[in-house]
Amino acid sequence: MVPRISRREAPSRPRVEGDREQEILDAAIAVLVDVGYDRLTMDAVATRAKASKATLYRKWDGKAALVIDALMSQKTPLETPPDTGSLRGDLLSMYCGHGGLTDEHQTALLGSVVTAIGRDPEFAAAFRDRFIAPKVEVGRVVYERARQRGELRDDVDLDILTAALPGIVLHRGFLLGDPPTQDLIARVVDQVIIPAATRG
């Protein structure tokens, strides 16, 4: 009797992880900065990463998921909000420097996806949930601490206040061509945020 030869299972496809995953995410960022979200394709990222398109689809089901992961890989984590002892100091520490509004790389990334937020609901939802929401939460903690120190008026609306500084600065940058600088942020803090928020 001839023994049956068992069929070996097909080898599983290698996972995209570790350094290789980061290389693909870096390639996605490079394409994103070059052409923007609307013109970014999985083919272009695969070519830049020297990978097959099938390799990308093993990890990401489309460009929205890929771009969100790429953006998150570039994000500077701010696990502990600054606590300088004053609202003004905290805001300047949080928004100036690496990862803040004066970080040209971060601002360029944001500019490259602005149109997608209005056109691609899937991307917009993921972007707000994974990229924007943590930033908003950190900002809220800063204002809550100021409230606990007695710096804020009792009737101030934190939902509006936390969005005011980045909203003004990004509006000036993207629409008026006035690049974010430490001086601009300080002026917005001193002339708008502090007068609107504090007891003084």
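Colleague: In which helix is aspartate 90 found?

Modeller: This is a predicted model, in which local features need pLDDT of at least 70, side-chain atom pairs count only at pLDDT 80 or more, and totals for chains, interfaces and linings use all residues. Residues are numbered from 1 along each chain as its sequence is written, and side-chain values use heavy atoms, with hydrogens and water left out. Helices are DSSP runs of H or I with at least four residues, strands are runs of E with at least two, and both are numbered from the N terminus. Aspartate 90 is found in helix α5.

Colleague: Does aspartate 90 count as buried or exposed?

Modeller: A residue is called buried under 20% relative accessible area, exposed over 50% and partly exposed in between, with a 1.4 Å probe and protein chains only. Because its relative accessibility is 0%, aspartate 90 counts as buried.

Colleague: Which residues is aspartate 90 in contact with, leaving aside its neighbours within four places in sequence?

Modeller: Contact means heavy atoms within 4.5 Å. With the sequence neighbours set aside, the contacts of aspartate 90 are Pro82, Asp83, Thr84, Gly85, Val142 and Arg149.

Colleague: How many helices does the chain have?

Modeller: The elements run α-α-α-α-α-α-α-α-α from the N terminus on. There are 0 strands in the chain, and the number of helices is 9.

Colleague: Which helices do the buried residues of α9 pack against?

Modeller: Helix α9 covers residues 182-197 and has a kink of about 40° centred on valine 189, where the bend at a residue is the angle between axes fitted to the seven residues ending there and the seven starting there. Its buried residues are Leu184, Ile185, Ala186, Val188, Val189, Ile193, Ile194 and Ala197. These buried residues of α9 pack against α5 (87-95), α7 and α8 (158-176).

Colleague: Are α4 and α7 roughly parallel or roughly perpendicular to each other?

Modeller: Axes are lines fitted to C-alpha atoms, for helices over the stretch in contact, with angles running from 0 to 180 degrees between N-to-C directions. The axes of α4 (residues 63-74) and α7 (residues 121-148) come within 10 Å and cross at roughly 25°. Angles under 35 degrees count as roughly parallel, over 145 as roughly antiparallel, 65 to 115 as roughly perpendicular and the rest as oblique. Helices α4 and α7 are therefore roughly parallel.

Colleague: How many charged residues does the contact of α4 with α7 have?

Modeller: From α4, the residues Ala64, Val67, Ile68, Asp69, Leu71 and Met72 meet Glu122, Phe123, Ala126, Phe127, Arg130 and Phe131 of α7. Ala, Val, Leu, Ile, Met, Phe, Trp, Tyr, Cys and Pro count as nonpolar, Asp, Glu, Lys and Arg as charged, and the others, Gly among them, as polar. By these classes the contact of α4 with α7 has 9 nonpolar and no polar residues, and its number of charged residues is 3.

Colleague: Does α1 pass α6 in a left-handed or a right-handed crossing?

Modeller: The axes of α1 (residues 18-35) and α6 (residues 104-119) come within 9 Å and cross at roughly 70°, which makes α1 roughly perpendicular to α6. In this pair Ile29, Leu32 and Val33 of α1 meet His105, Leu109, Ser112 and Val113 of α6. A crossing is left-handed if the near helix is turned anticlockwise from the far one by less than a right angle, and right-handed if clockwise. The crossing of α1 past α6 is left-handed.

Colleague: Which residues does threonine 107 touch, not counting residues up to four places away in sequence?

Modeller: Threonine 107 lies in helix α6 and is buried, with a relative accessible area of 17%. Beyond those sequence neighbours, threonine 107 touches Leu101 and Phe174.

Colleague: What is the phi of lysine 50?

Modeller: Lysine 50 lies in the loop between α2 (42-49) and α3 (53-59) and is exposed, with a relative accessible area of 75%. Most residues other than glycine have a negative phi. Lysine 50 is not a glycine, yet its phi is positive, at about 55°.
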